[in-house]
There are 2 protein chains.
Amino acid sequence: MSKSASERSCAREASGGFGVSRLRSRYCPKTPIWFKQLTKPASTSALYTLRALLFTAALAVVGPALAADKPPAEFKETAFLLENGMEVVVIPDHRAPIVTHMVWYKVGSADEPPGKSGIAHFFEHLMFKATAHHEAGEFDRAVSDIGGSNNAFTSYDFTAFYETVAPPDLELMMSFEADRMRNLILTDDVVKTERDVILEERRSRIDNNPQAVLDEEVDATLWQNQPYRIPVIGWMQEMQQLNRTDAVAFYYKYYQPSNAVLIVAGDVEPDAVKALAEKTYGKVPRGPDRPPRVRPVEPEQNTKRTVTLSDARVSVPNFSTQWVVPSYGTAKPGEAEALDLLAEILGGGNRSRLYQELVVRQGIASSAGANFEGTMLDDTNFTVYGAPRGDAKLADVEAAVDAEVARIVSDGVTPDELEKAKDRYVRSRILGRDNQNSMADIYGSTLATGGNVQDVQQWPDRIRKVTTDEVKAVAARYLVLDRSTTGYLLPQVKAEN
Amino acid sequence: MSKSASERSCAREASGGFGVSRLRSRYCPKTPIWFKQLTKPASTSALYTLRALLFTAALAVVGPALAADKPPAEFKETAFLLENGMEVVVIPDHRAPIVTHMVWYKVGSADEPPGKSGIAHFFEHLMFKATAHHEAGEFDRAVSDIGGSNNAFTSYDFTAFYETVAPPDLELMMSFEADRMRNLILTDDVVKTERDVILEERRSRIDNNPQAVLDEEVDATLWQNQPYRIPVIGWMQEMQQLNRTDAVAFYYKYYQPSNAVLIVAGDVEPDAVKALAEKTYGKVPRGPDRPPRVRPVEPEQNTKRTVTLSDARVSVPNFSTQWVVPSYGTAKPGEAEALDLLAEILGGGNRSRLYQELVVRQGIASSAGANFEGTMLDDTNFTVYGAPRGDAKLADVEAAVDAEVARIVSDGVTPDELEKAKDRYVRSRILGRDNQNSMADIYGSTLATGGNVQDVQQWPDRIRKVTTDEVKAVAARYLVLDRSTTGYLLPQVKAEN
């Protein structure tokens, strides 16, 4: 529930047609390779442009709503459960005749069995294959034929599928989605063919990208026990072994209505959506209930760790330092909100301390910032990062970042910068809510990581309550350089042996 | 199947009464804390002394055997299977009226379910509790009453229990062992009480020992996917949650005759042992067969990683650099043997390059060496290490070690040093065989990690066949400093923030 609505859209687009969501990666805005490799550019329909225009318009008109920290009344959501356990949230938004329909499954890469990494993301692909009632690709073509757009993404805690269409087509979308929730045909041939696709995806997006290779090993160094250590795309040697038996077991375990959240945002009414949902998803049998999502947790970190990759393709070096911190899913009351504001003040954008000090004042960095990924089921990571500009040395940038970290740990933040950060933060959320897609995203990701509708509603109030002492406390408690993990991406140096 | 017989005894003694075996740790000879914390010193009986004397005597008389690279004829082993699938190896040794009786279970910490770390070692403790036929501690007292010794140890791939007694008492030992293989009474009370013991063991042996804390995080940094990353003792937060349900499931899954190896070495005859084994272990029902031990494997390492711990209790710093390499369980033919000889030549003792160069010639190191732990089911680690002497800097020691690594990678080894290393190596194995306990250890650990009796028998011949090219090839392939993991233990420096 961080202010990552924009990061999340970025992540989704970055992920391409069926890409790996990089929700936890700070590199999303910086590594265009993730944007270039769209595997389904055809599905980026005219509606994308419409939505972009709408979002821009919303930025201009949202002023009145900001004063009250509340979204426009028409965005008031309705939540209910279907009899088979499927959660539904409807968010009416009548400004344009479009509707966003998303199904979020509460399963991501962190839920995978040992040795089966990549299967959650693999399923994101398999869900586009033939079912008992539709041929492979038929759903895609239907969306395309009606001028809609669709996509899917996978992260550590969830896998989501969405379509944006005109309201009269909502029932068709629901019908397709409900069908593939239960009727997927998983043959050896389907599994093998699609496995080649994900293997190629890994080669092109990870193995060919030094930053992605480094990120993977940094993640697996930061996380020594918790499964966020395992890459969403999967380890190559395990992806190669994924088979039909694995796929069938995974499908029947996780692709159940009681393990899914339906979000419908747009030019619709809750009662009508409810009727449609009962008519489509409501027909899917409940299936076995899932036990609580309890995963291995991280031991205390006692060391300073570094991970260094030198590669001939790197021209400008960079570094990032990470810490394990609580998420909205694991934090004590107020702690995740304080971490959100800490990240905002320390390095949340052009007004942040890191940017102002390193990029503007000292002029040694081309980028510098901080990030906190709060919307996670388990403990998450807090990151600071930087890259040098011109003749500046990476070590100088790192030292300057470390100095800002040390300063915020020892001196905390001022009441003035805290209030300004809260304003920016809450406003960005409200702007996010004003974008239909972002709204659906906020609800979906929150509900898929253990939160509920109230958590979303009360979040601005909880942010408002954070004190300077609380921000200083989380900085002092978590941002300890002797217990951090730093990744370095460096230009190639002479081989050592 | 490395020459770790002596290391293994060290590990076992280091592990104390029911300790964590540190088979893979190079620190075993260096951190006396592992020796001091014997929880069952009473069981170190007079037979230990007898065995030590016997071993010393054997050193003096082993000369003739060495010439042929063969053990004395009387050590010829006999192997067979019981009907319930239990493997048995009998190694007659009539020089003294004692017998070593070991049961090795093919389950170690690397077989634990996710989130249940420590349960394999926990079981080593629980096996000394009450059964349907004997009270808790009764087995221990019986061994003590007859002047025998006993102990147990746990590692990544196996858990073993052994007793050394006079031959007439062998049947009694077998009867006790066979009983606790099937009749353990696991109550909530037993589990909770013993859990407190292992938690205390973790506190005293790991959490109070900076070297052990560092080693744990280095292991979890070196291994990013393979379960050797998880400490044998377990992560504290998971040990605290281990309960009766976990224990019962683990017991019935792994403590089965078809998952066990019985080694009997000493003043016995195979036929008599077979009859006793059938009378005791043979009565235990076969139980379900275990599937092959297939575990998550390690992805390729592309980075250089470091892990640094600074602690006020450290006076002399040290470092160790590790690589993931094949073990006897995973290597192509000849590769593990070449790694064994590489470790021997580079840093296997006082005649090794590292010792001669750093300790003797340059005089900058108090210790320097290399280690290869070959007897593992999955890929293992190759380690080089060093600590400065006097005013020397750790960085200078590390640079000198790295230089020796680079030299052996680029120039390989000489035929003369390879032949000498083979001699030392094979001799140390024969000396090991000459020690009853070591013989049992070699067979038990080999059979518990996927090997067989022939592997043990043919090992000297395979070592003899290794060429200088093969040693250079494994050095060049695996000892790449840009793809290594280094741990630093440092004295406390001023806190950074």
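In the predicted model, 36 residues of chain B are in contact with 36 residues of chain A. Two or more residues on the side of chain B that touches chain A come from each of α9 (210–222), α10 (236–239), β7 (304–311) and α15 (394–411) of chain B. The most is given by β7(B), which supplies seven residues. By residue class, the side of chain B that touches chain A comprises 17 nonpolar, twelve polar and seven charged residues.

Strand pairing also links the two chains. Strand β7 (residues 304–311) of chain A is joined to β7(B) by five bridges, and the two strands run antiparallel. Within this pairing, A:V307 has B:R305 in β7(B) as its bridge partner.

Chain B also contains an open sheet of six strands, in which the pairing is mixed and the order is β1-β2-β6-β3-β5-β4. The edges of this sheet are formed by β1 (78–81) and β4 (149–154) of chain B; each has a single partner strand, so one side of each is left without a neighbour in the sheet. On average, and with direction ignored, neighbouring strands of the sheet are turned by 15° against each other.

Strands β3 (residues 99–105) and β6 (residues 260–266) of chain B pair in the antiparallel sense through seven bridges. Here B:H101 is placed opposite B:V264 in β6(B). Helix α5 (residues 119–126) of chain B packs on the sheet, where it touches β4 and β5 (159–165) of chain B. The direction of helix α5 makes about 165° with that of β4(B).

Notes:
Residues numbered from 1 in each chain as written. Chains lettered and ligands numbered in written order. Predicted model: local features only at pLDDT ≥ 70, side-chain atom pairs only at ≥ 80, totals over all residues. Contact = placed C-beta atoms within 7 Å. Helix = DSSP H or I, 4+ residues; strand = E, 2+ residues; numbered from the N terminus. Nonpolar A, V, L, I, M, F, W, Y, C, P; charged D, E, K, R; others polar. Pairing = 2+ DSSP bridges. Axes fitted to C-alpha atoms, helices over the stretch in contact; angles between N-to-C directions.
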